[in-house]
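Please prepare a briefing on the charged pairs and the nonpolar packing of the structure shown below.

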Amino acid sequence: MARITTMAACLAGAILVSGCGFQPLYAERSGSGDVSGDLAAVEISRIPDRAGQILRNELLDLMNPNGEPENPRYTLEVTLKTRKEKLGIQKDETATRANMTLTSVFFLREKASGAITYRSRAATTASYNIVDSGYETLSAERSALRRGLIVIADNINLRLSAYFNRLRFLRKRQ
């Protein structure tokens with residue numbers, strides 16, 4: 001009985017999803033290309049500092065897994081700001097915990113016209129412990145920075161994917 005109920009629920013879910021116009025974001029579509037192709041046509045500008053280099057590499061891995069685009073249609077420009085805040089202050093005024101806040105503002109610029117077609121921001125906070133050993137604290141800080149940059153890159157990639165998907169939808173309706 002439980003097996004029949006499970007199968008009926010799966011079938012009902014499939015019918016509901018197919019009726020609402022749901023489509024996978026990265027799936028290839030016949031005749032109109034796909035979002036992955038749009039993302040692969042984005043050239044990612046250099047981002048200053050070591051954190052910017054890490055962010056750019058993460059974006060390249062997500063958007064252009066085959067390397068730099070040969071004929072990019074868009075340029076992605078990203079600015080990144082990092083702020084550290086010490087928390088967990090003890091009686092002797094030493095901190096035992098810190099937050100690193102990463103904020104990025106990004107623009108998608110059309111190569112042909114130079115016009116900004118999309119702009120947004122992404123932010124995250126990563127925490128780390130401050131310990132007596134300077135090396136361990138530095139290592140924890142670098143790890144927090146890397147985790148935060150991965151979240152920022154995922155967020156930028158998702159927002160651009162949604163933007164390109166929305167463009168496809170609007171073009172299809174015209």
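**Salt bridges and nonpolar core**

Arg 168 counts as buried, with a relative accessibility of 16%, where buried means under 20% relative accessible area, exposed means over 50% and partly exposed lies in between, computed with a 1.4 Å probe on protein chains only. The model is a predicted one, in which local features need pLDDT of at least 70 and side-chain atom pairs count only at pLDDT 80 or more, while totals for chains, interfaces and linings use all residues. Residues are numbered from 1 along each chain as its sequence is written, and side-chain values use heavy atoms, with hydrogens and water left out.

**The salt bridge to Arg 168**

- Arg 168 meets Asp 38 in a salt bridge with an N to O distance of 3.0 Å, the term denoting a side-chain nitrogen of Lys or Arg within 4 Å of a carboxyl oxygen of Asp or Glu.
- This pair links distant parts of the chain, with Asp 38 in helix α2 (residues 35-40) and Arg 168 in helix α4 (residues 134-173), 130 residues apart; helices (H or I, at least four residues) and strands (E, at least two) are DSSP runs numbered from the N terminus.
- Asp 38 also counts as buried, at 7% relative accessibility.

**Other salt bridges**

- A search of the whole structure finds 7 salt bridges.
- Glu 58 and Arg 146 form one of them, their closest N and O atoms lying 3.1 Å apart.
- Because Glu 58 belongs to helix α3 (residues 49-63) and Arg 146 to helix α4, this pair ties together parts that are 88 residues apart in sequence.
- Glu 58 is buried at a relative accessible area of 15%, whereas Arg 146 is partly exposed at 38%.
- Lys 84 and Glu 141 are joined through their side chains in a salt bridge of 2.6 Å, N to O.
- Lys 84 lies in strand β2 (residues 74-89) and Glu 141 in helix α4, so parts 57 residues apart in sequence are tied together.

**Nonpolar core**

- The largest nonpolar core has 33 residues, of which Leu 59, Leu 76, Ile 156, Leu 160 and Phe 164 touch the most other members; such a core is a set of buried Ala, Val, Leu, Ile, Met, Phe, Trp, Tyr and Cys residues joined through side-chain atoms within 4.5 Å.
- Elements giving two or more residues to this core include α2, α3, β2 and α4, and the largest share, 10 residues, comes from α4.
- Beyond its neighbours within four places in sequence, Leu 76 is in contact (heavy atoms within 4.5 Å) with residues including Leu 59, Met 63, Phe 106, Ile 156 and Leu 160.
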